[in-house]
Amino acid sequence: MRTRGERIVAIAEGWVGTPYRHQGALKGVGCDCIGLIRGIWRELYGDDPEPVPAYAPDWAERSGEDRLVDAALRLFGPAVRMSEAEPGDVLLFRWRQDCAAKHAGVLAGPQHFIHAYEQSAVTRSALVPSWRRRVAGVYRFPIMA
């Protein structure tokens, strides 16, 4: 029997190869990083977690708000430390300390994560130091009844 984390990673791996599409959230058709997390949520719980309004590619730079972190807190609860991260956890990234978090992926193991990569597809990437230092938060999918 799989653990919850193993199940989440397996779902995320099922999205690998899905083309990158801004605002998309359909496995095999197209998604962005937010759409990947939404798609995993749908496979786990049966529906989208909440409505997602349309957003421009530069939404994080223009809004002045940390919308991705705010949504993660609402949906997943408080962040856990990176040292406590487990496969299946959601990783949020910010490109610079003074910018809002703008990217998300799923931890696939101690050294890899799965994410929708712009101008490419959903892919498994090494969690190298340049990615690690950009982690803005680690969130765990909730246990639902």
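1. In this predicted model, the side chains of Arg42 and Asp48 meet in a salt bridge at 3.0 Å, N to O, the term standing for a side-chain nitrogen of Lys or Arg within 4 Å of a carboxyl oxygen of Asp or Glu. Arg42 is partly exposed, with a relative accessible area of 24%, and Asp48 is partly exposed at 28%; buried means under 20%, exposed over 50% and partly exposed in between, with a 1.4 Å probe and protein chains only.

2. Asp48 also forms a salt bridge with Arg38, at 3.2 Å, N to O. This pair links Arg38 in helix α2 with Asp48 in the loop between α2 and α3 (59-63), 10 residues apart, helices being DSSP runs of H or I with at least four residues and strands runs of E with at least two, numbered from the N terminus. Arg38 is buried, at 17%.

3. Asp66 and Arg94 form a salt bridge whose closest N and O atoms are 3.1 Å apart. Because Asp66 lies in the loop between α3 and α4 and Arg94 in the loop between β3 and β4 (103-109), the pair ties together parts that are 28 residues apart in sequence. Asp66 is partly exposed at 21%, whereas Arg94 is buried at 14%. Shared partners join Arg38, Arg42 and Asp48 into one salt-bridge network.

4. A search of the whole structure finds 10 salt bridges.

5. On the basis of the model, local features need pLDDT of at least 70, side-chain atom pairs count only at pLDDT 80 or more, and totals for chains, interfaces and linings use all residues. Residues are numbered from 1 along each chain as its sequence is written, and side-chain values use heavy atoms, with hydrogens and water left out.
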